[in-house]
Every structure is written in structure tokens, then in C-alpha cells.
Amino acid sequence: MNSGFPNLSGGQEDLEESFWSSFSNVMMVILKIFLLVILIMALNNRNLLDDLKNNVQAKEEAQEEAKLALNLAQSSLKANASLEEQLAYYQQRSSSLDLELLRSRAEAEGARNLSNNQKAELTRLQALNKEQADTLVNRNKIVGELQGKLTGLVTEKERTQTELATARDNTTRMETELSSLRTKYNESDIKLLSLQGEFSELDKKYQKLLKPARSASNKQVVEVLYQKTGCSLRKAGEGSYRNLDRASLENELGALKTQFGNDLYVRIVIPDNSGLSYSEAWSFTNQILSRYDYYYNLSPSSAPATPAGSPSP
């Protein structure tokens with residue numbers, strides 16, 4: 001029976017073969033792009049974790065070297081100092097090391113927070129990548145439906161070509177999204193470099209500590225006990241601590257600074273069960289010492305000379 005259409009059996013087979021070839025090429029390109037995105041993300045994630053581990057290890061090694069240097073200096077001091085001088089020195093070194101340890105823990109706590117932020121950003125990028133993969137699966141389903149229709153709808157060739165052009169546009173958009181992902185990974189690299197800069201700043205601060213040792217010798221010593229429940233103060237000659245609020249504590253310290261000037265030595269005591277975070281303990285210690293302790297208010301020209309054989313704090 002003549003339906004009014006030309007015999008397209010031979011031409012239809014050629015057309016279908018051409019379509020399937022073009023379609024296979026397009027899907028192959030999309031698959032390669034998807035695999036490339038996954039590979040880049042995996043490599044960058046691994047590099048970020050390796051760099052962070054190396055930085056933490058480098059910091060630990062630096063702390064070990066500092067401890068070794070302190071041990072050597074202490075051995076030298078034992079050989080040359082009397083028992084009374086050694087006792088005073090150890091008390092002084094204990095205070096200095098407590099301050100340094102507190103500051104290091106606070107900075108380590110900040111580094112952990114930054115690492116957690118980077119992990120959260122990585123999780124978000126992985127979720128975005130999964131969403132893109134789901135979108136690609138949906139597009140594949142749509143293309144499959146179009147393939148079924150193509151078997152009986154040769155006359156829709158132009159519409160199919162238009163859809164292929166749309167697929168090319170989607171490929172271009174995916175390339176743009178890939179570029180955006182690379183930009184975000186570069187931002188993560190910048191954050192890591194910032195962390196490395198903070199470690200360098202820590203080293204600079206340590207070098208600043210290489211100045212005359214802080215000592216309670218011939219000073220008016222006042223002790224400040226700080227914990228989550230509040231502050232306490234004990235002056236020289238007092239048997240026990242007096243509980244004070246923050247304002248009263250600073251008023252008394254201010255009066256003592258006015259009275260004794262560069263002879264006021266403030267000893268900060270942070271109990272092990274204080275309930276404070278490292279950051280809170282370090283912030284309080286830094287504020288009190290920088291305002292009232294003689295050592296933190298000396299100008300370089302007025303700082304006393306370091307005794308021979310004494311290590312830097």
C-alpha cells in the first residue's frame with residue numbers, strides 16, 4: 001500500500017547509523033569530562049590532607065627541637081649555678097614554658113578549627129559533584145527516550161539536531177562549572193598558605209622571646225588564679241587566694257602596678273581542671289601580663305642584660 005511517503009528504508013538506516021555515531025561521541029565526551037572532574041577533586045583533596053599533615057608534623061618537630069635546646073641549656077645551668085639559683089631558675093622556666101605551652105595549644109586549637117572548615121568546604125564540593133552526576137543521569141534518561149522516538153520518527157531529524165546542539169551547550173556549561181571548581185580549590189590552597197604563614201608568624205614570635213629572661217628575683221610577686229568559675233588574687237605574704245570579679249582584679253593589679261612599677265611580677269596560675277579552653281586561657285594570660293607585668297612593659301633599651309649561661313625563655 002502506498003502511504004504517500006518515499007521509500008526511506010535504506011536512507012533511514014544510514015541516518016540512524018549517523019545519529020548513533022554522533023550520539024556515542026557526545027556521550028563519550030561527557031563521560032570523559034565527568035571522570036576528569038572526579039580525578040581532579042581526588043588529587044586536590046589528597047594534596048590538601050598531605051600538606052596539612054606535613055605542617056602539623058613540622059610544628060611538632062620544631063617544638064621537640066625547642067625542648068632539646070632548653071634541656072641542653074638547663075644542663076649547662078646545673079653545672080654552674082648553686083642549688084638556690086637552680087631552684088629560682090626552674091621556677092622561672094616553668095612559668096615561661098607554661099606560657100609558651102598555653103600559647104601553642106591556643107594556636108593549635110585555631111589550626112584545628114581551620115582544618116574543620118576546610119573539611120566542611122570539601123564535603124560541600126563533593127555534594128555539588130554528586131548533584132551534577134545525578135543531573136547527568138537524568139539527561140541520559142531523556143536522551144534514551146529520544147532514541148526510542150527516533151525509530152519511528154524520521155521526520156523529526158531537525159528537532160533531534162536541535163537537542164544535540166543543546167547538549168553541546170550543556171557541555172560548555174559543565175566546562176564552566178569545572179573552572180569554578182578549580183577556582184574554589186585554588187582558594188583552599190590560599191587558605192593553606194595562610195596557615196603556613198601563621199606558622200611562620202609563630203616562629204617570629206618565638207624569636208622575639210630570645211630576649212632577657214623573665215625572673216621573679218627581687219620583684220614583688222602577685223599570683224592570679226583563673227578558671228571558668230572566676231578569678232582569685234594572692235599578694236606576697238597572703239596565705240590564701242581572695243575571690244574577685246574581673247573588674248576588681250584589674251583595679252587591684254592597676255594599683256599594684258602604680259605602687260611597684262617595674263618591680264611587679266605577675267604569676268598566672270591555670271589549674272588543670274579550670275574548665276577553660278586553650279584559647280580562653282591564653283587570651284586572659286596575654287591580657288593580664290601585657291597590662292601589669294614588669295617584663296611585658298619594659299622597653300628594649302631598659303631591659304636587663306641576660307646573665308651568662310642563662311637560656312632565653
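1. Accessible areas here come from the Shrake-Rupley method with a 1.4 Å probe. On that basis, the accessible surface of the chain comes to about 19,800 Å². Carbon and sulfur atoms hold 54% of this surface. Keep in mind that this is a predicted model.

2. Start with the whole chain. There are 313 residues, and 28% of them count as buried. Now take the contacts in the chain with a separation of 6 or more. Residues 24 or more positions apart make up 75% of these.

3. Next, the elements. The chain has 5 helices and 4 strands. Follow the sequence and the pattern reads α-α-α-β-β-β-α-β-α.

4. Look at S1 and S2 together. S1 covers residues 220–227, and S2 covers residues 230–234. A hairpin of 2 residues joins S1 to S2. The two strands pair in the antiparallel sense, over 5 bridges. Val-224 stands opposite Leu-233 in S2, and Tyr-226 stands opposite Cys-231 in S2.

5. Now turn to S1 and S4. In which sense do S1 and S4 pair, parallel or antiparallel? The sense is parallel, and the pairing runs over 6 bridges. S4 spans residues 264–269. Here Val-222 stands opposite Val-266 in S4. So S1 takes part in both kinds of pairing: antiparallel with S2, parallel with S4.

6. Helix H4 deserves a careful look. It runs over residues 246–260, which is 15 residues. From its first C-alpha to its last, H4 reaches 21 Å. That is close to the 21 Å expected at 1.5 Å a residue.

7. Which residues of H4 are buried? They are Leu-249, Glu-250, Leu-253 and Leu-256. These four cover an arc of only 120° around the axis, so they sit on the same side of H4. Note Glu-250 in this list. The other side of H4 has exposed residues: Ala-247, Asn-251, Thr-258 and Gln-259.

8. What covers the buried residues of H4? The cover includes the strands S1, S2, S3 and S4. It also includes helix H5, residues 278–292. S3, for reference, is found at 242–244.

9. See how H4 ends. Gly-261 follows H4. The phi of Gly-261 is positive, near 60°.

10. Ser-104 is found in helix H2, which covers residues 83–152. Is Ser-104 buried or exposed? Its relative accessibility is 8%. Buried means under 20%, so Ser-104 counts as buried. Leave out residues up to four places away in sequence, and Ser-104 touches Lys-59 and Gln-63.

Terms used:
Residues numbered from 1 in each chain as written. Predicted model: local features only at pLDDT ≥ 70, side-chain atom pairs only at ≥ 80, totals over all residues. Heavy atoms only, no water. Buried < 20%, exposed > 50% of the residue type's maximum accessible area, 1.4 Å probe, protein only. Contact = heavy atoms within 4.5 Å. Expected span 1.5 Å × (residues − 1). Arc of directions from axis to C-beta.
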